[in-house]
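Please consult the sequence and the model shown here alongside the text.

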Amino acid sequence: MLKGYPKTVVTKDGTTVLLRPLDKTDTEKLHTMLALIPEEEQWFLRENLTDIRLLERWMERLDFNYILPIVAVREDSGEIIGFLRLYRSPSGCARHVAHLRVTIHPQYRSQRVGSWMILDCAKLALEHGIEKLVAEFVSEVEEVAIKAARRLDFHHEAVIKDYVKDRRGDYKDLIIMVKTLYRDWSDF
Ligand SMILES: CC(C)(COP(=O)(O)OP(=O)(O)OC[C@H]1O[C@@H](n2cnc3c(N)ncnc32)[C@H](O)[C@@H]1OP(=O)(O)O)[C@@H](O)C(=O)NCCC(=O)NCCS
């Protein structure tokens, strides 16, 4: 299993939060959080785990060899307020690369939970031999996430023009950002 968890972090407003691997028993709590994601945001999710049946199936098939899932949990109530996934490639040639997805509970955004989770996942990734973290963003729609990623040393690597459509059918560009990890990176 994943070593060094739970880890304690504190949000901007002083709430104590534990970072730990997702557990099979977390389905209901995770669904409670994901169900609060606004519909317009759900449209752009690459995998829609807001549907309880899809989430249950995803949890059943969860294989830590390919997906490293971390949750942020309020220490006092046990409520899940952040959900991060690192997706590893099964192919040998891309085993050093992982795709990152982060979702923060709408009521807990701008409290540094996302930043803590991404910093933690950089350490976790290094321990698993990952050298590059890749994240995808939709231009104009996910500008806050792009700004947050930039502050954590993710760099624009590529833009795919007109790759996705919004709910009205208008094209949006896909922005691919990469963070290179270095062996001497230290824990927080
Ligand atoms: C993007 C997301 C993961 C960021 O997590 P977060 O916990 O809200 O962000 P943080 O509090 O760690 O903020 C980090 C930086 O992002 C920027 N930021 C965060 N919220 C912002 C807002 N509402 N407006 C402008 N900038 C903002 C700031 O630069 C901030 O740093 P600062 O507080 O020192 O100024 C979260 O908002 C989210 O889940 N968004 C929807 C899903 C998504 O877009 N996921 C990304 C796909 S991988």
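A residue is called buried if 20 or more other C-beta atoms lie within 10 Å of its own, and exposed if 12 or fewer do. By this criterion, 28% of the 188 residues of the chain count as buried. The model is a predicted one.

The chain comprises five helices and eight strands. Read from the N terminus, these elements follow the order β-β-α-α-α-β-β-β-α-β-α-β-β. The C-alpha atoms occupy a box of roughly 45 × 35 × 35 Å along the principal axes. Among contacts between residues at least 6 apart in sequence, 60% join residues at least 24 apart.

Attention now turns to the interior. In soluble globular proteins, nonpolar side chains tend to be buried together. The largest nonpolar core of this chain contains 42 residues, of which Met-117 and Cys-121 touch the most other members. The greatest contribution to this core, eight residues, comes from helix α4 (residues 113–127). Leaving aside residues up to four places away in sequence, Cys-121 touches Ile-70, Leu-84, Leu-86 and Leu-100.

Is Gly-78 buried or exposed? This residue is located in the loop between β3 (67–74) and β4 (80–88). Gly-78 counts as exposed because it has 10 C-beta neighbours inside 10 Å. Between Gly-78 and Leu-34, which are 44 residues apart in sequence, the C-alpha to C-alpha separation is 15 Å.

How values were computed. Residues numbered from 1 in each chain as written. Predicted model: local features only at pLDDT ≥ 70, side-chain atom pairs only at ≥ 80, totals over all residues. Helix = DSSP H or I, 4+ residues; strand = E, 2+ residues; numbered from the N terminus. Contact = placed C-beta atoms within 7 Å. Core = buried A, V, L, I, M, F, W, Y, C linked by C-beta atoms within 7 Å.
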